[in-house]
Amino acid sequence: MGSTTEQIIRLDLPSSIQQVYLLDTIILEILKEMDFDEETSELVSLAVIEAGTNAIKHGNKEDWSKHAHFEFIVHPDKLTVVVQDEGKGFEREEVADPLDPANLLKSSGRGLFLMEACMDSVTYNKSGTIVTMVKHKPLSDKQ
Amino acid sequence: MTVDIRKQEGVTILDIEGRIIGSDSLALKNIIDEQVDDAKEGNANILLNLADVRMVDSSGLGIIVASYTAVRKKGGRIALLQPGGNIRSLIVMAKLVTVFDRYEDEGEAIASFYKSNN
């Protein structure tokens with residue numbers, strides 16, 4: 001359990017892309033409960049959907065015996081989301097830049113870029129199986 | 001996500017509603033592919049009405065980009081109508097502003113297909 005100023009919500013999902021809809025519903029409820037404004041909520045929910053899709057699709061290869069693990073750490077002024085898969089991991093540096101002119105018209109490869117663009121910070125563990133994302137509440141939303 | 005298909009003045013209009021996430025991108029791809037396959041060479045005019053789309057993820061954006069390429073290969077054109085929600089900002093973030101023609105008015109969007117064909 002966390003301190004009295006934070007609340008931790010844990011979620012384990014089987015590795016089916018259909019679970020993304022449940023993830024979407026849950027993150028939107030958490031953001032609503034935290035009083036995030038609509039615009040920021042859309043950014044955070046997109047980042048969480050991207051991270052969840054990556055864990056299910058690329059990490060766990062949609063293997064139903066594996067799970068995607070989510071931890072939503074609710075602080076008064078920020079939300080931290082930790083997503084872990086049971087795959088082999090990846091190297092962030094090896095993922096191509098979707099803004100490179102050669103990649104602009106590719107149909108995939110924008111997920112990590114969007115996560116990083118939508119959140120205040122996105123960090124990956126060494127083995128590339130855990131991503132930690134943080135979003136602070138906009139100043140006007142703080143109590 | 002739901003998609004309604006209608007034809008107007010030779011333009012196939014896809015009225016898309018909801019959030020394009022998860023497996024929706026694959027469903028959308030199949031629908032667009034079918035329309036492109038059915039279109040005659042040089043006549044694949046597709047307008048994606050995004051007015052009621054609240055959110056699209058990277059897979060959905062990727063499908064729209066892939067459709068752009070597929071339609072162009074067939075000598076046609078794809079345009080976006082009222083891209084709202086997060087789509088407008090995603091297009092900017094992904095540096096796709098110059099790729100997609102965007103319109104706020106359906107009549108203007110339909111007319112643009114004839115201007116570009118002439």
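Which residues of the largest nonpolar core touch the most other members? I shall answer that in a moment, after a word on the model.

This is a predicted model, in which local features need pLDDT of at least 70 and side-chain atom pairs count only at pLDDT 80 or more, while totals for chains, interfaces and linings use all residues. Residues are numbered from 1 along each chain as its sequence is written, and chains are lettered from A and ligands numbered from 1 in the order in which they are written.

To the core, then. It has 63 residues, and those that touch the most other members are A:Val44, A:Ala47, A:Met115 and B:Leu48. A nonpolar core here is a set of buried Ala, Val, Leu, Ile, Met, Phe, Trp, Tyr and Cys residues joined through C-beta atoms within 7 Å. A residue is buried if 20 or more other C-beta atoms lie within 10 Å of its own, exposed if 12 or fewer, and partly exposed in between, with C-beta atoms placed from the backbone. Helix H2 of chain A gives the most to this core, namely 9 residues. Setting aside residues up to four places away in sequence, A:Ala47 touches A:Leu114, A:Met115, A:Cys118, A:Met119 and A:Met133; contact requires C-beta atoms, placed from the backbone, within 7 Å.

Chain A as a whole comes next. It has 3 helices and 5 strands, in the sequence order β-α-α-β-β-α-β-β. Helices (H or I, at least four residues) and strands (E, at least two) are DSSP runs, numbered from the N terminus. The radius of gyration of chain A is 15 Å, close to the 15 Å that the globule rule gives for 143 residues, so chain A is as compact as a globular protein of that length. That radius is taken over C-alpha atoms, and the rule is 2.2 Å times the number of residues to the power 0.38. Of the 143 residues of chain A, 34% count as buried.

How many residues of chain A are in contact with chain B? The number is 20, and they meet 19 residues of chain B. On the chain A side, two or more residues come from each of helix H1 (19-33), helix H2 (38-59) and helix H3 (111-118). H2(A) provides the largest share, 5 residues. By class, this side has 11 nonpolar, 5 polar and 4 charged residues. Ala, Val, Leu, Ile, Met, Phe, Trp, Tyr, Cys and Pro count as nonpolar, Asp, Glu, Lys and Arg as charged, and the others, Gly among them, as polar.

Finally, two loop residues of chain B. Most residues other than glycine have a negative phi. B:Gln82, however, has a positive phi near 45° and lies in the loop between strand E4 (77-81) and helix H3 (87-93). B:Lys95 has a positive phi near 55° and sits in the loop between H3 and strand E5 (101-103) of chain B. With 14 C-beta neighbours inside 10 Å, B:Lys95 counts as partly exposed.

Note on methods. Contact = placed C-beta atoms within 7 Å.
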